[in-house]
Amino acid sequence: MTSPHHANARHASHQPGRARAVALTIAGAALWGTTGTSQALLPGHPSPVAVGGLRALIAGTALLVLALFRGTSWLRQVFGRGHLGWLALAGLGVAGYQLTFFAAVSRAGVAVGTLVMLATAPAVAGLAGWGRTGIRPSRAWLVATLVGLSGAALLVLGAGSVASPDAMGLALAVAAGGFFATYTVASRELVVEGLDPIALTASIFLVAGAILIGPLLGQDLSFVSQPRSLWVLAWLGLAATAGAYMLYQLGMRRVDAAQAATFALAEPMVANLLAVLVLREPFTAVMGLGLVLVLAGLGLLGWA
């Protein structure tokens, strides 16, 4: 029988690791929250698909160079026979999210498209994890997710007018949430295998880049020649994509897929705050309540 002293020691040793994992996951999602403001700073009106494809290629290239600098053994490990299926799913999730989410917000509007995607991702990740492991998501996760989603709804809907979505826009938003959940579940399976996070993230983006190169070639990329575009794209590719995905995956060593998808609710919180602080958009009382609820949801799940 384990003594109370040993049980308390084990609990104490687990909590710091859990707290760090939660912080890493939220930090990754927070960096994703900078993408909307960053894209608004690009000159002209570049296609969201072009921006999404370029940021993925920049991230993948930087991560691949870094992984190769550290040696090829990690990459060979990631591309091992037992990992190819999950690697393909993770890459498909990243690429599919880039294509469907931006198409969704163009048809359903930013508010509704973002909200539907945010509601879909944790639900799909939770169900997928349940089917994969047979372990039902906890009540604490469900409560925290509902609280966080309520806050996200107030943040997103309180930020501006709501467009009238069509059926295709809603379907694309659901697909975007499904793709994000697919990435989260698949990369979680690879992370717990102890794979190097840099090599793993680089490999996922190699797969995603191969999928995105076709749609990207059909876009107008003339905006890239302007100096400000280079700075913004560098941030989007290196920090808001490469760095964000690495932090998110590092956190998933101790955070399961359903929880990670819920912690991603930090993204709209940061996005709305930056829109207020940088783009001078109005901050309403509804958004303030939403901010409190998102923080409450993240806090509840972090301490669960």
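In this predicted model, helix H5 (residues 84-108) and helix H8 have axes that come within 7 Å of each other and cross at roughly 155°. Because angles over 145 degrees count as roughly antiparallel, H5 is described as roughly antiparallel to H8. The crossing in which H5 passes H8 is left-handed, and the residues of the contact of H5 with H8 divide into 23 nonpolar, six polar and two charged.

Helix H8 (residues 167-191) also meets helix H6 (residues 110-133), and here the axes come within 7 Å and cross at roughly 40°. H6 and H8 are therefore oblique to each other, and their crossing is right-handed. On the side of H6, the residues in contact are Val112, Gly113, Val116, Met117, Thr120, Ala121, Val124, Ala125, Ala128 and Arg132, while H8 contributes Leu170, Ala173, Val174, Ala176, Gly177, Gly178, Phe180, Ala181, Val185 and Glu189. Sorted by class, the contact of H6 with H8 has 14 nonpolar, four polar and two charged residues.

A further pair is formed by helix H9 (residues 197-217) and helix H10 (residues 227-251), which pack at an angle of about 120° with their axes 10 Å apart. That angle makes H9 oblique to H10, and the crossing of H9 and H10 is right-handed. From H9 the contact draws on Pro197, Ile198, Leu200, Thr201, Ile204 and Phe205, and from H10 it draws on Thr241, Ala242, Tyr245, Met246, Gln249 and Leu250. By class, the contact of H9 with H10 comprises nine nonpolar, three polar and no charged residues.

| Helix pair | Axis separation | Crossing angle |
|---|---|---|
| H5 and H8 | within 7 Å | roughly 155° |
| H6 and H8 | within 7 Å | roughly 40° |
| H9 and H10 | 10 Å | about 120° |

The buried residues of H7 are Trp141, Ala144, Thr145, Gly148, Leu149, Gly151, Ala152, Ala153, Leu155, Val156 and Gly158. An α-helix has 3.6 residues a turn, so residues three or four places apart point the same way. The buried residues of H7 pack against H6, helix H11 (257-263), helix H12 (266-277) and helix H13 (285-303).

Two loop residues complete the picture. Arg70 is placed in the loop between helix H3 (48-69) and helix H4 (73-78), and at 39% relative accessibility Arg70 counts as partly exposed. Leaving aside residues up to four places away in sequence, Arg70 touches Asp196 and Ile198; Ile198 is also one of the residues that H9 brings to its contact with H10. The C-alpha atoms of Arg70 and Val105, which lie 35 residues apart along the chain, are separated by 39 Å.

Gly44, for its part, lies in the loop between helix H2 (35-40) and H3. With a relative accessibility of 54%, Gly44 counts as exposed, because the class of exposed residues begins over 50%. Although Gly44 and Ser222 are 178 residues apart in sequence, they are 9.8 Å apart in space, taken from C-alpha to C-alpha.

Methods
Residues are numbered from 1 along each chain as its sequence is written. This is a predicted model: local features need pLDDT of at least 70, side-chain atom pairs count only at pLDDT 80 or more; totals for chains, interfaces and linings use all residues. Side-chain values use heavy atoms; hydrogens and water are left out. Axes are lines fitted to C-alpha atoms, for helices over the stretch in contact, and angles run from 0 to 180 degrees between N-to-C directions. Helices (H or I, at least four residues) and strands (E, at least two) are DSSP runs, numbered from the N terminus. Angles under 35 degrees count as roughly parallel, over 145 as roughly antiparallel, 65 to 115 as roughly perpendicular and the rest as oblique. A crossing is left-handed if the near helix is turned anticlockwise from the far one by less than a right angle, and right-handed if clockwise. Contact means heavy atoms within 4.5 Å. Ala, Val, Leu, Ile, Met, Phe, Trp, Tyr, Cys and Pro count as nonpolar, Asp, Glu, Lys and Arg as charged, and the others, Gly among them, as polar. Buried means under 20% relative accessible area, exposed over 50%, partly exposed in between (1.4 Å probe, protein chains only).
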